[in-house]
Structure formats: structure tokens, C-alpha cells
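Here are some friendly notes to read alongside the model. Please keep the viewer open as you go through the points.

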Amino acid sequence: MPNDTSQAVFHERTSSTMPNRAKRPHSVPLILKLIRLAFRAGGTISPQLAGRAAYKLWLTPARFPTPSSEQAVLESAEIEYYMINRQSIATYSWGQTGPTVLLVHGWSGRGTQLGAFVEPLINAGYRVLSFDGPAHGGSSGKQTNLYEIADVILGLNDRYGPFESVITHSFGGPCLAAAMQQGLNTSSVVSISPPASFTTLVDKFADTLSIPEKAVKDFVRRCEDVFGKDIFEQASMANNVRELDLLALVIHDEDDADIPWRDGQAVAQAWKNASFIKTSTLGHRRILRHPSIIEAAVDFIKSEKS
């Protein structure tokens, strides 16, 4: 298990292996400019209409094509589809023997996004399983939510489990935590770049789309009307891991522009048996491909097996 000293060494080693790049301003896509303009205008004229539009967008992930960096792992996968809660779920598996490690992608991600972990895990003696969440990748649906993704995890556990370990990225962390609250058992968890609470996600969502405050309040009300008044507390990863006894490793990058690294730290602090590693220069997605991250995750899973 990493201690404070090993975390500091890891931080230094990871930082030194990545070039120091000056941060360049990102150009804003035209579609995002138009959405922001619509929310600014619509949110002022009718916060209710803007809140309803925000609620619809909140539940609608973007589907991105599989990049060339993931083609090899996609082509090497055994792909199967299963009906879970009336949705066709695309699954990807690698390896024929050994305990199974589940990979859980984040919002608007896909099952091959954690593909860099596959070969090291197979070499370490594991079978690997991943999937596209509902309304993601090759799975059916147009909208989804945390609980539907948690149901998929539970459904796959019934078919392939129990999982020896689970590696999650970003929103996959809260989805797994919700599944564990419903009875999923595993020996260990590696959670990369997780949001500690939905406050972080709502703030990021509203800021990205320039949603006015009154429209945000209407959006939150709609979430509470559908999922319950305490939905944001019930869905909080930090809240859902407090009573878990299994071992966990939380990894977060201080240059993550999507989810602040202190969210990862908060998750680790809430988890009874979690260690925390902070890295730098890896951001929110490159962290999934960096050799030091993959090595740390695989070594952690192996150490909990021995």
C-alpha cells in the first residue's frame, strides 16, 4: 500500500517523465458557443425552459468515435451484447483465464477508453472485461443516468463475477460506488479522477454551458423531482464509500481541468482503506495512458491478490 513517502516519489517521477508544456488556450467549438448563447438568453427569459433543456442535456452523453489509439485493443476484443434493463449493452473481453478485472469508463466515454490497462492486466494473469454504458458507444439508448449504469455493472457481475477488482475512470467511480451500495462485492478498487460529489459535476456542467443561476435551480429541482430530494447526497461517491471495507487506490492529477484533484483526495479520505496518489501534467484523460499510472494500478491489484 502506498504511504506518504511513496506518493511523493510517484508524484515526482510522473512529473519528470512528462514534458513541461505551456498551457494553450483552447478554441471553443461553434456548437458550444451556440448552446451557451441559447442558455444565456433562454435562461433570462424563461428559467423553467432553460432548466428543462439543461436536465435533458444532463442525461444525454455525447458519443465520440473510437480514436486510432484504441483501435488495436478494440480489434483484439471479444465483443458480445447483452440485454440489461431492456438496453442492448456492448461488452468487450480480453483473456481466457484468471480472475476478472472490470473496467468502467466515465461519462461520454467508451469501453475501450481504458484499453491501455488490458495487456498489462492479461500479462499479470487476469481476464479483463469492459462495456459501453447505456447511451454510450455501441450500446443502445439516448439518455442514461448513474443508476442505470450501476444496474449494468450489477448485471455483468451476475454473468461474469465476482470481479477480482474494478478500475474506474471519472463518472465511473460514482456508478461503481452506487453498485456496491446495492451489493456488488469485489476485492479492490482503483478509482482514477473521480468526482467526490455531484456538486462538482453540476458546477462544471453549469459553468461549461453558461447556464444562469435561476435555470440551474430549476434544473436541480427537476433532478430532485425525478430521483428524490436527497439525490445528490445519495449519489455522492464520497458518501457511498464511507462504510466500505475493501481496499482502494485513488489516483488524481493536479492539472485535471474536468474534476479538481481535491475531489479524488476527498474520496480517498472518506474511504476507510484507501490510498491516494496525486500526479501532475496528465490531465483528465491522458492519465489513462501513462505507463506509471498503469503500473501503479496493476501492482496494487496484484498486491491485494497475494
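In which hand does α3 pass α8, left or right? The crossing of α3 over α8 is right-handed, the term for a near helix turned clockwise from the far one by less than a right angle, with anticlockwise giving left-handed.

1. A word on the basis. This is a predicted model, in which local features need pLDDT of at least 70 and side-chain atom pairs count only at pLDDT 80 or more, while totals for chains, interfaces and linings use all residues. Residues are numbered from 1 along each chain as its sequence is written, and side-chain values use heavy atoms, with hydrogens and water left out. Helices (H or I, at least four residues) and strands (E, at least two) are DSSP runs, numbered from the N terminus.

2. The α3/α8 pair. These two helices pack at an angle of about 115 degrees, and their axes are 12 Å apart. Axes here are lines fitted to C-alpha atoms, for helices over the stretch in contact, and angles run from 0 to 180 degrees between N-to-C directions. From α3, Ala54, Leu57 and Trp58 meet Phe198, Leu201, Val202, Phe205 and Leu209 of α8; contact means heavy atoms within 4.5 Å.

3. Helix α2. Its 16 residues (30–45) reach 23 Å from first C-alpha to last, close to the 22 Å expected at 1.5 Å a residue; that expected span is 1.5 Å times one less than the number of residues. Leu32, Phe39 and Gly43 are buried in α2, where buried means under 20% relative accessible area, exposed over 50%, and partly exposed in between (1.4 Å probe, protein chains only). They lie on the same side of α2 because they cover an arc of only 20 degrees around the axis, the arc being that of the directions from the helix axis to the C-beta atoms. The buried residues of α2 pack against α3 (47–58), α8 (198–209) and α9 (213–227). Leu30, Leu37, Thr44 and Ile45 are exposed on the face turned away from that buried side.

4. Thr200. This residue lies in α8 and is buried, with a relative accessible area of 15%. Not counting residues up to four places away in sequence, Thr200 touches Ile259, Pro260 and Asp263.

5. The sheet. Eight strands form an open sheet with mixed pairing, in the order β1-β2-β4-β3-β5-β6-β7-β8. Two strands pair if DSSP finds at least two bridges between them. At the edges are β1 (78–84) and β8 (274–279), each of which pairs on one side only. On average, neighbouring strands are turned by 20 degrees against each other, direction ignored.

6. Six bridges join β5 (residues 163–169) to β6 (residues 186–192) in parallel, and Ser165 stands opposite Ser188 in β6. Five bridges link β6 and β7, also in the parallel sense, with Val190 opposite Leu249 in β7. Strand β7 (residues 247–253) is mostly covered, six of its seven residues being buried. Six bridges then join β7 to β8, again parallel; His252 has Lys278 as its bridge partner in β8.

7. Leu103. This residue of β3 is buried, with a relative accessible area of 0%. Its C-alpha is separated by 5.9 Å from that of Val166, 63 residues apart along the chain. Beyond neighbours within four places in sequence, the contacts of Leu103 include Leu114, Val118, Phe131 and Ile167.
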